[in-house]
Amino acid sequence: MIAGFILLILTIYPIDVFTLRLPKYEFKQIAAIRISQGQEVIIAYRHSVERTRVEGSFTIGPGPALYAHETRMTSVGTGLPNSSPDRTRRDGEWIVVDEGLKKLEDGLRFYLSPVNQTRLIAAGQHISLEKIKAGSIILVDVERISLMKWLLWRFAAISWLAGIEQG
């Protein structure tokens, strides 16, 4: 009876999880980190054309979803976010564009290349991208899942596909 109750709780108790997936490989799950509203996700890279450093900062918000907070870059140029005087400021060496906490409806897809030296940080945890094949597209997103799914991933590496639209 008690075991059944615990299993029921684990199956219905919702948690928010930051995920890293490979869309072109049937949304293979690479990482999953428990996350809470207000926590930050950073994707940092070197722009392949301009060779400037870029950092995209996202906040976990209602939904759950990723919300674009700001983009930081050390210069502007081809393929970099257009800066708008009313949304741009200087912070030391950085040019900072306020993204206005725009909700990303379908997560963020990013082309992974060794040239870019991409780093991904979610809730203060660095996520290794080294084992992902160069030229892959990664999808970073936030999903609401049951605590049971999280525990199965955490301790047995059993992934889930809930909430992923393939296409």
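## Basis

The model is predicted, so local features need pLDDT of at least 70 and side-chain atom pairs count only at pLDDT 80 or more, while totals for chains, interfaces and linings use all residues. Residues are numbered from 1 along each chain as its sequence is written, and side-chain values use heavy atoms, with hydrogens and water left out.

## The sheet and its helix

Four strands build an open sheet, ordered β2-β1-β11-β8, with antiparallel pairing. Its edge strands, β2 (28-34) and β8 (108-111), each pair on one side only. On average, neighbouring strands here are turned by 30 degrees against each other, direction ignored. Strands (E, at least two residues) and helices (H or I, at least four) are DSSP runs, numbered from the N terminus. Two strands pair if DSSP finds at least two bridges between them. Strands of a sheet pair through backbone hydrogen bonds, either parallel or antiparallel.

Strand β1 (residues 14-22) runs antiparallel to β2, and six bridges join them. One of the partners is Q29 in β2, which bridges to R21. Helix α2 (residues 147-156) packs on the sheet and touches β1, β2 and β11 (137-146). The direction of α2 makes about 115 degrees with that of β2. Axes are lines fitted to C-alpha atoms, for helices over the stretch in contact; angles run from 0 to 180 degrees between N-to-C directions. Contact means heavy atoms within 4.5 Å.

## T19, inside strand β1

T19 lies in strand β1. T19 is buried, at 1% relative accessibility. Buried means under 20% relative accessible area, exposed over 50%, and partly exposed in between (1.4 Å probe, protein chains only).

The T19 side chain makes a polar contact with the side chain of E143, at 2.8 Å. Such a contact is a pair of N or O atoms within 3.5 Å; within protein, one must be able to donate a hydrogen and the other to accept it, and residues adjacent in sequence count only if both atoms are side-chain atoms. Leaving out residues up to four places away in sequence, T19 touches A31, A32, L139, V140, D141, E143 and W160.

## A134, in a loop

A134 sits in the loop between β10 (125-127) and β11. Its relative accessible area is 48%, so A134 is partly exposed. Beyond its neighbours within four places in sequence, A134 is in contact with L112 and P114. A122 is twelve residues from A134 in sequence, and the C-alpha atoms are 21 Å apart.

## Salt bridges

Side chains of opposite charge can pair when their charged atoms come close. A salt bridge here is a side-chain nitrogen of Lys or Arg within 4 Å of a carboxyl oxygen of Asp or Glu. The count is eight. One of them joins R53 to E93, with the closest N and O atoms 3.1 Å apart. R53 is in strand β4 (residues 53-61) and E93 in the loop between β6 (88-91) and β7 (94-104), 40 residues apart. R53 is partly exposed at 31%, and E93 is partly exposed at 45%.

E55 and R119 also meet in a salt bridge (4.0 Å, N to O). E55 is in β4 and R119 in β9 (residues 119-122), so this pair ties together parts 64 residues apart in sequence. R89 and E70 form another salt bridge (3.7 Å, N to O). That pair links strand β6, which holds R89, to strand β5 (residues 65-73), which holds E70. R89 is partly exposed at 41%, whereas E70 is buried at 11%. A network of salt bridges links E70, R72, R89 and D91.
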